[in-house]
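Hi everyone, thanks for coming. Please have a look at the sequence and the structure, and then I'll walk you through a few things in them.

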Amino acid sequence: MATAKKKAVRKAKKGARIRQVAAIPFRLREDGTIEVLVVTSRTTRRFIVPKGWPMKGKSGRKAAAIEAQEEAGVLGKALKQPAGTYSYWKRMANGFIRVDVAVYLLEVTEEMTDWREAANRQRAWLPPADAALLIDEPELSTLLRDLTIPATVPA
C-alpha cells in the first residue's frame, strides 16, 4: 500500500475527511464540441475519471496530470483552477471511507498507445453528457453533465 494511502486510512479512522485529486481529460473536436475521456476502474470495471492521492511536493493539478498519464495514458496541460469537487465512498479492505475530490480539467495534447495501466483499464472518449450517464458517483456525474471549458482554452 502506498504511503499516501496508508496516511489517508489513518486519518479516516480518526474521523478526518480524506482528499484526492482527479483529472477530466478533454479535447475539442473540429466542430468545436467537447469530448472527455473516462476509464474503467481496475477492480469494479466501472467508468471513472483518473484520480489518486495527493503527491508530496506536487500541486493538485500536477498530481491530477500524473494520474491521467498513469491511468488513462494521456498527456496534457491541467488548468490552474479546479473545475469542481465531488465526494464519494471509497472501498477499502476494512470498510468504506468518505473522500473529497478536487477535479482539474486536463487539455489533452497526446494520447499514448501504451501506458502504465493499459492492461488493467479501458478508456473511452465521449461527449460529457454521455460520460455523465456512465458514472456512478452522482456529484461527478453532475460535474461532467454541466461541464464547460473556460474561454481561455484555445479552440
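Let's start with a pair of charged side chains: R46 and D136 form a salt bridge, with their closest N and O atoms 3.5 Å apart. R46 sits in the loop between β2 and β3 (47-48) and D136 in the loop between α3 and α4, so this pair ties together parts that are 90 residues apart in sequence. By salt bridge I mean a side-chain nitrogen of Lys or Arg within 4 Å of a carboxyl oxygen of Asp or Glu. The helices (H or I, at least four residues) and strands (E, at least two) are DSSP runs, numbered from the N terminus.

Before going on, a word on where this comes from: it is a predicted model, where local features need pLDDT of at least 70 and side-chain atom pairs count only at pLDDT 80 or more, while totals for chains, interfaces and linings use all residues. Residues are numbered from 1 along each chain as its sequence is written, and side-chain values use heavy atoms, leaving out hydrogens and water.

How many salt bridges does the structure hold? There are 13. In one of them, R123 meets E111, at 3.5 Å from N to O. That pair links distant parts of the chain, since R123 is in strand β8 (residues 123-126) and E111 in strand β7, 12 residues apart. Salt bridges that share partners join R27, R29, D31, E35, E111 and R123 into one network.

D31, at 55%, counts as exposed. R29 is partly exposed at 43%, as are E111 at 36% and R123 at 25%. Back in our opening pair, R46 is partly exposed too, at 29%.

Now for helix α4, residues 138-145. Which of its residues are buried? They are L140, S141, L143 and L144. As a reminder, an α-helix has 3.6 residues a turn, so residues three or four places apart point the same way. The face turned away from the buried side carries the exposed residues P138 and R145.

And what covers the buried residues of α4? The cover includes β1 (18-28), β2 (34-40), β6 (84-92), β7 (95-111) and α3 (128-134), where contact means heavy atoms within 4.5 Å.

Terms used: Buried means under 20% relative accessible area, exposed over 50%, partly exposed in between (1.4 Å probe, protein chains only).
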